[in-house]
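Here is a structure to read closely.

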Amino acid sequence: MAHGSQNLVSEGTTAVTKHSPLRLLTHSAMSCARRCLRQYFYRYELALRSRRDAAALRLGAAVHKGLELWSKGATPEAAILAATEGYAVCPAWADLYDWQIEREIVANLLAGYFWRYGTDTLEYVEVEKSWEMPLINPASGRESRTYQLAGKRDGLVRAGDGRLSVLERKTTGDDIGPDSDYWLRLRCDQQISLYTLSALHDGHDVSGVLYDVLRKPTIRPRQIPLLDETGLKVVVDEQTGERMFNKDGKPRQSAGAGMKLATRPETPDEFGARLLADIEERPDYYFQRREVPRLEDDLQAFRLECWQQAQMLSDCRRWGRWFRNVGRNTCSFCEYSRLCLQSITVDLEAPPGGFEIVSDVHPELSEGEES
Ligand code: SF4
């Protein structure tokens with residue numbers, strides 16, 4: 001099937017799923033729809049995915065895998081080994097140096113996390129559990145015959161005082177400092193309500209979510225000054241490459257006009273060691289945990305939101321219209337912008353370059369996949 005900007009009919013398209021005969025409303029699907037209905041159409045109705053998008057999620061998925069294994073009882077060494085095994089061979093399309101640096105980030109972020117929380121008293125009651133529950137019409141109390149809520153919890157944990165919480169782990173590039181907006185937003189975060197509801201539905205007496213966040217490093221590989229055999233830096237002429245000396249004949253130790261310090265890139269191992277040292281020096285910059293409670297009023301408001309959103313999606317499907325939400329904060333981060341903003345027709349028999357049609361639009365729900 002093909003579509004253009006004026007031909008966004010949805011007949012013949014299906015939200016591909018291998019999990020349920022009903023259409024699944026996951027946190028990812030609902031947040032995609034809230035961001036932009038046209039994006040939802042590409043992603044969940046056409047099952048069109050960018051291959052590059054999968055690569056962008058690679059680091060978070062690798063970290064998640066290590067955390068999952070560790071939570072299930074693997075040693076830190078085994079968890080890190082498994083998390084980084086996907087980096088053993090650098091694909092042809094990737095830059096080898098960047099690939100190795102990313103591997104160091106995964107390995108040392110995990111090593112730092114295990115060091116930080118290795119002695120915590122959390123009991124892992126459940127790890128990586130997929131769930132499904134009915135979507136209820138708040139007016140009639142009846143179950144939807146079109147939609148079902150679904151997701152995968154990272155875990156259920158019991159604190160030392162016996163309280164049970166849903167565990168939600170995130171790897172983020174955002175500031176997670178105690179006063180950052182990150183925590184303010186979570187007060188109203190839909191995923192927290194959704195996962196609290198799911199745990200209650202499954203019979204677990206939870207009061208909210210333990211949000212466990214890892215911040216991606218902001219430090220980057222740097223240039224290391226080259227040293228001569230006596231341990232002195234080497235300053236060279238930018239044009240000729242000749243070493244520069246002071247008037248007294250001693251080698252220059254800083255670059256003046258037309259000169260530069262001779263350097264080499266930091267090796268991945270050196271970068272990894274520097275990253276781990278930085279994590280040990282300021283663990284709170286990299287790791288934060290916080291309990292985010294949900295009251296019954298919050299949950300009821302969320303039930304209404306879910307129903308409202310399902311109605312909106314049904315409406316879009318009925319009309320075959322999925323309107324755009326054009327804006328810097330949406331389109332700049334959208335994997336479909338090249339297609340959408342130029343109204344490029346999508347032929348599902350021959351997807352545009354860099355895209356593929358996936359057989360499962362909710363891979364995060366499958367065993368072994370990341371949420
Ligand atoms: S490019 Fe913008 S309008 Fe188009 S699908 Fe993406 S977010 Fe929506």
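Q: Where is R252 found in this predicted model?
A: R252 is found in the loop between β9 and β10 (259-261).

Q: Why does R252 count as partly exposed?
A: Its relative accessibility is 22%. Buried means under 20%, and exposed means over 50%. The value for R252 falls in between, so R252 counts as partly exposed.

Q: What does R252 touch, leaving out residues up to four places away in sequence?
A: R252 touches K233, V235, M244, F245, N246 and M259. Contact means heavy atoms within 4.5 Å.

Q: How far apart are the C-alpha atoms of R252 and K233?
A: They are separated by 7.7 Å. Along the chain, the two residues are 19 residues apart.

Q: Where is K233, and what makes it partly exposed?
A: K233 lies in the loop between β8 (223-225) and β9 (235-237). Its relative accessible area is 33%. That is between the cut-offs of 20% and 50%, so K233 is partly exposed.

Q: Which residues does K233 touch, not counting those up to four places away in sequence?
A: They are P225, L226, L227, R243, R252, Q253 and L261.

Q: How far is K233 from R321 in space?
A: From C-alpha to C-alpha it is 65 Å. In sequence, K233 and R321 are 88 residues apart.

Q: Where does S140 lie, and why does it count as partly exposed?
A: S140 lies in the loop between β4 (123-136) and β5 (143-158). Its relative accessibility is 41%. Exposed needs over 50% and buried needs under 20%, so S140 counts as partly exposed.

Q: What separates the C-alpha atoms of S140 and T240?
A: A distance of 82 Å separates them. These residues are 100 residues apart along the chain.

Q: Why is E128 called buried?
A: E128 has 7% relative accessibility. Buried means under 20%, so E128 counts as buried. Its place is in strand β4.

Q: What makes S343 partly exposed?
A: The relative accessible area of S343 is 34%. That lies between 20% and 50%, so S343 is partly exposed.

Q: Why is α2 said to be largely enclosed by the rest of the structure?
A: Of its 9 residues, 9 are buried, so α2 is largely enclosed. Among them are L37, Y40, F41 and E45. After α2 comes A47, whose phi is positive, near 60 degrees.

Q: How do the residues of the shell divide?
A: There are 6 nonpolar, 4 polar and 2 charged residues. R38 and R324 are among the residues around the ligand. Arg counts as charged.

Q: How many residues does the largest nonpolar core have, and which have the most contacts inside it?
A: This core has 51 residues. L149 and Y211 have the most contacts inside it. Its largest share, 7 residues, comes from helix α11 (residues 296-319). Apart from it lies another core, of 27 residues, among them L59, A83, A107 and I279.

Q: Which residues of helix α5 (residues 76-84) are buried, and what covers them?
A: The buried ones are A79, I80, A82, A83 and T84. Their cover includes α4 (58-71) and α6 (96-117).

Q: What share of the protein chain is made up of buried residues?
A: Buried residues make up 45% of its 371 residues. The secondary structure of the protein chain comes to 13 helices and 14 strands.

Terms used
Residues numbered from 1 in each chain as written. Predicted model: local features only at pLDDT ≥ 70, side-chain atom pairs only at ≥ 80, totals over all residues. Heavy atoms only, no water. Near = heavy atom within 4 Å. Buried < 20%, exposed > 50% of the residue type's maximum accessible area, 1.4 Å probe, protein only. Helix = DSSP H or I, 4+ residues; strand = E, 2+ residues; numbered from the N terminus. Core = buried A, V, L, I, M, F, W, Y, C linked by side-chain atoms within 4.5 Å.
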